[in-house]
Amino acid sequence: AAPAGHREMMTATASVSLVPRVTPARPARRVGPRAWGGSGGWRRPRKGRRMDRRSAGDAPKPPADNSDLEPEQRDYTGTLKQYEEVPLVPKKLPAMLFPAEEVLLPGSAQVLHLYEARFLALLDEVTNETGGLFAHVTFLPPAQDETDDGGLRVNQVATLVRVEEVQREEVGAKVTIIGESRMSLRELEEKSQRGYLVGTFVPIPVMQDDGSAAYKPSKTELDEVEALADFIDDAVNDCVALVDKLLDGDGDDKLWDTSDAANEVEWGHGEVGNLKRAMAWIEGPYVTLDMLQVPCAMSERDWLRDAVEERVRHSELQLAERLSFACLQVAPASTEADYARLVSCRNVAMSAQHGLMDRLRLGKTLLEEQRSALRAKVALKSAFGAADDAKKDDAN
């Protein structure tokens, strides 16, 4: 069965030359305005109220399956806006396919070692024509009740990624990419002359100052999201401190430094982000598909200029939206089961069926589990350390 969150899937032919049909999607759990958002952000000023911290024993234990990750139906107390719907303009972008377990959320980072001719051709177009932007698209294996005809089920929600750095190698190039925003895939085809994929996408709208384009949250909903964002803020700081203790970092920023991450990826690709890097991304500018004007060379388009010049002014709602993606990061010393759990969370977060409130609740659940696991590991390490010290004392 498909992981939670993969509601909208498209099917591509074996050559991925076109996307002619849509795999039937399960109906959404609810109808009406999506869970839009609230206030909050990374390290914002407190307003005199915060959620109680929990001890390690209070954090929920992961269930045997991931059924608890699907957001529950909820009542909406906000108001629908009167607005004129603006048609979304489709745009074409080079695209790369990845397995569903390698979904890249906004705020997360990967290093790709590209060495095949078709991917180096894609990199040339990205750096010379699309301002360093391309599409990160995920696919699933055939469903259990579906005949394997050699095609791919492609997730209809893709990530717009920005090339942060290109490091040329003797063989190919290592490319550091950052997830920036979500897009909806309309069509996927092969650029026959150069061998790589090109997709037609429309942007999934990001948060506005006071809610989504169609929905304004109520005071009660804003308060709930503020509380969730406060909890996530505290949990992130706890996890960072616990990792420092676990790895004997004692606050050393070298533990979180990703400046040399590309050199750690020999072949293929790997995730290189972490909580600290993702939290810094929250304060950066939005990069969305509708901002792209082609042709545009990467050297001519500085997507982060506003951040450097301190002109980024996110609302509390926008900070909360970016936080809801950025908090879903890999915890150091994670097990395979921990990572599988994270992947399920990320797939739910990417789905267009779920919104900001759902993602913040998801982040709260995941961070509770990560913090509990890290506390247990730190306690175990301390116990073994005390035992080793006692043996040394006895020996002396």
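Biologist: Which residue forms a salt bridge with Glu-189, and what counts as a salt bridge?

Modeller: Happy to start there. Side chains of opposite charge can pair when their charged atoms come close. The cut-off is a side-chain nitrogen of Lys or Arg within 4 Å of a carboxyl oxygen of Asp or Glu. Here Glu-189 pairs with Lys-92, and the closest N and O atoms are 3.0 Å apart. Glu-189 belongs to strand β9 (residues 173-190) and Lys-92 to strand β4 (residues 91-99), so the pair ties together parts that are 97 residues apart in sequence. Strands (E, at least two residues) and helices (H or I, at least four) are DSSP runs numbered from the N terminus.

Biologist: What should I know about the model itself before reading on?

Modeller: It is a predicted model, in which local features need pLDDT of at least 70 and side-chain atom pairs count only at pLDDT 80 or more, while totals for chains, interfaces and linings use all residues. Residues are numbered from 1 along each chain as its sequence is written, and side-chain values use heavy atoms, with hydrogens and water left out.

Biologist: Is Lys-92 buried or exposed?

Modeller: The classes rest on relative accessible area: buried is under 20%, exposed is over 50%, and partly exposed lies in between (1.4 Å probe, protein chains only). Lys-92 is exposed, at 52%, and Glu-189 is partly exposed, at 23%.

Biologist: How many salt bridges does the structure hold?

Modeller: There are eleven. Among them, Arg-371 meets Asp-238 with the closest N and O atoms 2.6 Å apart. That pair links distant parts of the chain, with Arg-371 in helix α7 (residues 356-395) and Asp-238 in helix α2 (residues 219-246), 133 residues apart. Both Arg-371 and Asp-238 are buried. A network of salt bridges links Asp-238, Arg-371 and Arg-375.

Biologist: Now the strands: which way do β8 and β9 run, and how many bridges join them?

Modeller: Two strands pair if DSSP finds at least two bridges between them. Strands β8 and β9 run antiparallel and are joined by eleven bridges. Within this pairing, Val-166 stands opposite Val-175 in β9. The β8 and β9 hairpin has four residues between the strands, and Gly-172 takes a positive phi near 80 degrees there.

Biologist: What is the bridge partner of His-136 in β8?

Modeller: Thr-159 is that partner. Strand β6 (residues 133-140) runs antiparallel to β8, and four bridges join the two.
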